[in-house]
Amino acid sequence: MSFLAWMFGLGGLAIAFPLLFHLIRRMPRGKQTFSSLMFLRQSPPRITRKSRLENWLLLLLRSLAVVLLALAFMRPFIPLATQVTPSIAKRVAILLDTSASMQRSDQWPQAVRKVEELLNTLAEDDDIALLTFDARVNIVLPFEQPAQQSLTLARKKDLIRDELRQLKPTWSKTDLGNALIATAEHLEDSEVRRDLSDLDIQIGSQIFVVTDLQEGVELAPLTNYRWPKNVLVEIHRLQPETPGNAYALLLEDQNSSSDLRGTRVRLINSKGAETHQFSVRWLSDDSSASDQAVTFNVPPGSNQTLPVPRLDANSTELLVSGDAATFDNRLFVAPLVQQQITVGYLGDDDADDVDGLQYYMTRAFVETPTRKITVIDDPDELAQLATDPQTEADWWVVSRKLEPPEMELLNEHIARGNQVLIVLTSVEMTRSLESLLGSIEVNEVSRENPRDYRMLGQIDFQHPLFKPLSGPQYNDFTKIRFWRHRAVLNPGETSEVIARFDNGDPAIWFPASETGTLLVFASGWNPDDSQLGLSTKFVPLMMELSRQAVGESSLAGSWSVDDAIELPQPTTAQPRKIVAPDGREYRLQQDEAVFNQTDHPGVYQLHQDGQQLPFAVNLHEMESRTAPLDPEHLAAYQVRLGNQPTHQDVRERLQRASIVQIENRQKIWKWAIVVVLFVLIFETILAGRRQVNQQQLAEVTA
Amino acid sequence: MPTQATKQTQPVSASNFAGSDSGLDPRTLLSIKNLELRARIVVEGFMAGLHRSPYHGFSVEFTDYRQYTPGDDPRYLDWKLLARTDRMFIKRFEDETNLRCTLVVDQSRSMGYGSVGHSKIDYAKTLAAALAFFLARQRDATGLLTFDEGVSEYIPARYRPGHLRRLMVGLERTVSGSTTDVNTALERVANIVSKRGMVVLISDLLTPIDTLHKQLGYLHSRGHDVVILRILDPAETEFNFQNEALFEDSESLKQLYIDPQSTRAEYLKRFDEHAAQLKQICDDQVIELHTLSTVQPLEKALLDFVASRSRKTNQLGRRQSQRNRSEQNRRVQPAGEVSPS
């Protein structure tokens with residue numbers, strides 16, 4: 001016979017109580033009032049000797065009741081001869097971090113060793129899967145599917161070891177949230193392969209996450225995910241040899257910076273860092289550039305912003321020295337390429353005429369590191385330029401009546417897909433441009449009274465020309481007054497009018513053109529016509545016109561690894577390709593608008609339309625935030641942290657469940673309770689008789 | 001489970017201790033409900049046998065002379081002596097009612113104990129009433145103060161018609177207190193009774209002895225003549241219980257399991273130590289202590305009391321006379337004059 005609850009056997013010690021009660025003479029019931037107890041001390045209870053034990057039968061009955069009661073609580077049962085040892089299977093998913101931060105010092109070897117250790121803890125019946133994650137999740141070795149031929153654990157371990165040799169950290173950020181969700185879903189999708197229906201205890205699944213768990217991990221996707229109850233997560237954090245990390249940020253767009261000597265750089269040093277002195281410099285072929293290194297003194301957990309001189313416009317790499325974690329010490333920027341743009345001007349006014357158009361136009365074209373615009377108004381020079389299509393003006397501005405050779409020149413220019421801006425200054429001029437504008441009716445509208453003016457009443461801010469000015473802080477055009485304009489009654493049905501005066505006359509429109517771009521202003525920007533040339537809107541409009549005429553010299557924006565880059569539409573049918581920093585080439589389709597193979601930091605080159613557009617891709621900023629994150633942070637997202645029971649625990653629980661089942665069937669304790677009841681009834685009867693006899697005896701003796 | 005029959009604990013019959021055959025049996029006397037009647041019986045029985053007694057009353061008149069000094073009240077000059085001897089002497093008197101007796105009776109719950117058919121408080125009340133009756137017959141002023149944990153009643157010492165009746169009513173009150181606080185009572189007596197006189201404390205004095213010494217000394221220093229009549233039950237002096245029982249303190253209601261057979265010796269030892277300490281205190285303070293058993297006839301108790309007072313008075317009288325004579329001799333003889341007596 002065995003017992004389910006051995007501890008209740010200690011209750012059998014209660015047999016001492018009846019024995020003691022039989023030995024102790026009962027406290028007298030009689031009470032004696034006395035004047036004062038100040039001379040008395042309590043007498044100890046008298047205990048008779050063993051030889052004076054009385055009522056042996058009663059004592060035996062009471063002891064028997066106590067023993068049987070303890071026996072009943074011990075839940076006795078008779079074990080069955082055969083007990084099946086169940087097989088236990090646990091599913092374990094190892095989730096290995098391959099993000100860029102794993103490139104720090106010895107993080108990756110540590111991770112491989114940790115995976116090896118975890119493999120050694122598995123039992124034969126366990127099912128295992130290996131997944132890696134950075135910004136994406138990759139199932140390296142999935143769980144076995146019912147249709148597949150099952151592999152032995154040793155074979156699986158070998159497969160995993162092979163994969164580990166080939167794996168290495170990437171440059172992507174750490175999206176732990178999505179990785180956990182994907183792993184949990186993979187666990188749920190792949191059903192338990194063994195039939196555990198005959199077991200009473202369902203084994204849960206376990207996810208071992210091998211990661212450095214830095215502060216910059218992405219956990220937000222877990223917010224809307226309901227974590228499965230039977231999946232537990234255990235974080236195996238890797239400790240770097242040298243704590244801390246420093247990384248640099250560019251605080252301004254290097255393309256728009258007019259001063260090469262003062263690119264502002266912010267250096268951030270993480271908490272717990274052991275070093276605080278760093279030097280930052282631009283890498284350049286010039287040997288003297290190393291002298292231009294700027295020293296940063298940044299205590300752990302703080303940052304410092306200083307200008308770092310960029311001597312060479314072609315230097316594309318900012319290097320941080322002094323930081324032990326070197327994976328994020330390089331910051332890339334696209335090289336500065338200054339576009340040379342030529343604008344041909346066909347007008348009667350000189351460049352120095354303050355009442356003319358050219359005077360304001362040339363001042364609007366401010367030179368920047370990425371763009372230099374030259375206005376040419378000399379007819380001879382223009383004619384010379386026009387002889388070679390490679391050197392011709394990029395776009396034209398026309399403000400006077402044109403001669404037939406000039407018209408021919410413009411038509412060829414437009415036919416090549418280029419842009420021409422026509423500023424209507426007189427009715428005669430309009431008639432000379434009929435071949436371009438079509439037959440339109442134009443009236444000269446002039447107001448002598450300065451208080452009588454027109455404004456732009458309707459502007460299409462969705463058009464690319466006005467889109468940069470569409471913001472609420474920029475879109476007020478009411479301060480621009482027009483005193484003279486050419487009222488065009490019929491700009492053409494296919495023309496696209498993007499701005500109208502407040503009386504409904506077209507102000508700016510695009511007449512229909514099959515090849516190039518033709519843009520017409522119904523009023524000039526000179527002070528006689530309007531205040532446009534003196535307004536704050538004029539420079540952005542002119543620069544936007546230049547940009548539209550020529551295009552960008554580089555791709556605007558700040559890109560991180562794994563970002564999808566929107567590519568500009570090609571204007572020619574020339575083959576397109578992107579050359580990665582490591583030399584890989586990606587051929588692009590003509591209609592391919594997005595490039596998402598940015599898996600490596602560096603400067604990429606987009607080749608299209610016969611020119612190179614460089615763009616820089618950097619490590620994601622969050623990946624540089626390597627301060628350790630508390631694993632309990634995951635619990636806030638309802639992720640269940642912990643360990644599934646070991647096989648030994650599960651076996652013991654199964655065995656106990658089996659014993660409980662047997663005991664529940666036999667229920668010997670009920671019989672013990674029945675016997676106890678009988679014993680107590682007999683004891684009560686016996687004791688009652690003895691008491692009656694004693695009372696009778698007492699009465700007789702009295 | 002059955003219970004074992006236990007015998008009720010009782011002390012051995014108290015009649016064994018009613019030893020004296022002279023006087024009325026207290027049990028018989030105390031069966032009379034009227035306290036005044038009981039007192040009258042006691043005193044009259046006492047007075048009836050007094051002629052056979054070799055002792056006389058304790059109220060002794062006494063006069064004294066001393067030489068006049070300027071500032072003394074001339075009314076008290078002995079003019080006859082002045083006329084006779086041409087010497088000025090002051091004549092000092094005892095008051096006409098020269099005894100002011102205050103009966104201090106303990107009414108605490110412990111006094112309600114009695115194993116002989118009547119309680120200690122019954123005995124004490126009767127004794128106090130008898131004393132009051134006796135003193136009233138001698139035209140002495142008698143007062144009453146009853147106490148338990150505090151002073152419950154105080155009747156100042158008077159001699160006037162109806163005062164005795166008032167004293168009897170005061171004594172008739174039932175036992176209502178709980179603990180005994182003789183110290184408070186004595187302190188109160190010392191504060192209230194400003195005129196010197198006799199203080200008769202009737203109590204069992206079953207209290208810790210520590211502070212009693214101080215309070216009795218304080219009372220004595222105020223000039224009071226203190227007499228303690230300690231009333232004890234035979235069960236308290238002998239502890240003649242037979243069977244073990246839960247003993248409950250009548251004052252604190254505390255319960256103790258006591259086996260009298262094993263406890264008696266220690267009880268008697270500690271009781272005797274307490275009594276010896278009490279005796280020592282009384283001797284130190286020149287206080288008369290009379291321990292009375294509740295089985296002792298009251299007349300005898302009264303007789304013992306009066307006899308001891310008489311002895312003391314005689315001793316005092318003799319000592320005073322000797323002192324006076326020596327003083328007069330010292331004053332007169334050196335000048336060759338005649339003593340005023």
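B:D86 is placed in the loop that runs between α3 (79–85) and β2 (89–93) of chain B, where helices (H or I, at least four residues) and strands (E, at least two) are DSSP runs numbered from the N terminus. The model is a predicted one, in which local features need pLDDT of at least 70 and side-chain atom pairs count only at pLDDT 80 or more, whereas totals for chains, interfaces and linings use all residues. Residues are numbered from 1 along each chain as its sequence is written, and chains are lettered from A, and ligands numbered from 1, in the order in which they are written.

The phi angle of B:D86 is near 60°, a positive value in a residue other than glycine. Most residues other than glycine have a negative phi. B:D86 is exposed, with 7 other C-beta atoms within 10 Å; a residue is called buried if 20 or more other C-beta atoms lie within 10 Å of its own, exposed if 12 or fewer, and partly exposed in between, with C-beta atoms placed from the backbone. A positive phi, near 55°, is also found at B:L205, again a residue other than glycine. B:L205 belongs to the loop between β6 (198–203) and α7 (212–221) of chain B and is buried, with 22 other C-beta atoms within 10 Å.

Chain B as a whole contains ten helices and ten strands, and 37% of its 341 residues count as buried. Of the contacts in chain B between residues at least 6 apart in sequence, 77% join residues at least 24 apart, a contact being a pair of residues whose C-beta atoms, placed from the backbone, lie within 7 Å. The largest nonpolar core has 63 residues, and those with the most contacts inside it are B:A130, B:V200 and B:I202; such a core is a set of buried Ala, Val, Leu, Ile, Met, Phe, Trp, Tyr and Cys residues joined through C-beta atoms within 7 Å. Helix α4 (residues 120–137) of chain B supplies the largest share of this core, twelve residues. When residues up to four places away in sequence are not counted, B:V200 touches B:C101, B:L103, B:V104, B:L131, B:V227 and B:L229.

Helix α4(B) packs against helix α5 (residues 163–172) of chain B at an angle of about 175°, with the axes 10 Å apart; axes are lines fitted to C-alpha atoms, for helices over the stretch in contact, and angles run from 0 to 180 degrees between N-to-C directions. α4(B) and α5(B) are therefore roughly antiparallel to each other, a term used for angles over 145 degrees, while those under 35 count as roughly parallel, those from 65 to 115 as roughly perpendicular and the rest as oblique. The contact involves B:K125, B:A128, B:A129, B:A132, B:F133 and B:A136 of α4(B), together with B:L164, B:L167, B:M168 and B:L171 of α5(B).

Chain A has 14 helices and 32 strands, and buried residues make up 32% of its 702 residues. An open sheet of five strands in chain A has the order β6-β5-β4-β7-β8, with mixed pairing, two strands being paired if DSSP finds at least two bridges between them. The edge strands are β6 (137–141) and β8 (231–237) of chain A, each of which pairs on one side only, and the twist averages 25° from one strand to the next.

Within this sheet, seven of the seven residues of strand β4 (residues 91–97) of chain A are buried, so β4(A) is largely enclosed by the rest of the structure. In a regular strand the side chains alternate between the two faces of the sheet. Both faces of β4(A) are covered, with A:R91, A:A93, A:L95 and A:D97 buried on one side and A:V92, A:I94 and A:L96 buried on the other. β4(A) pairs in the parallel sense with strand β5 (residues 127–133) of chain A over seven bridges, and A:A129 of β5(A) is the bridge partner of A:A93. Six bridges join β4(A) to strand β7 (residues 205–211) of chain A, which also run parallel, and A:L96 stands opposite A:V210 in β7(A). Helix α5 (residues 176–189) of chain A lies across β4, β5, β6, β7 and β8 of chain A, running at about 155° to β4(A).

Terms used: Two residues are in contact if their C-beta atoms, placed from the backbone, lie within 7 Å.
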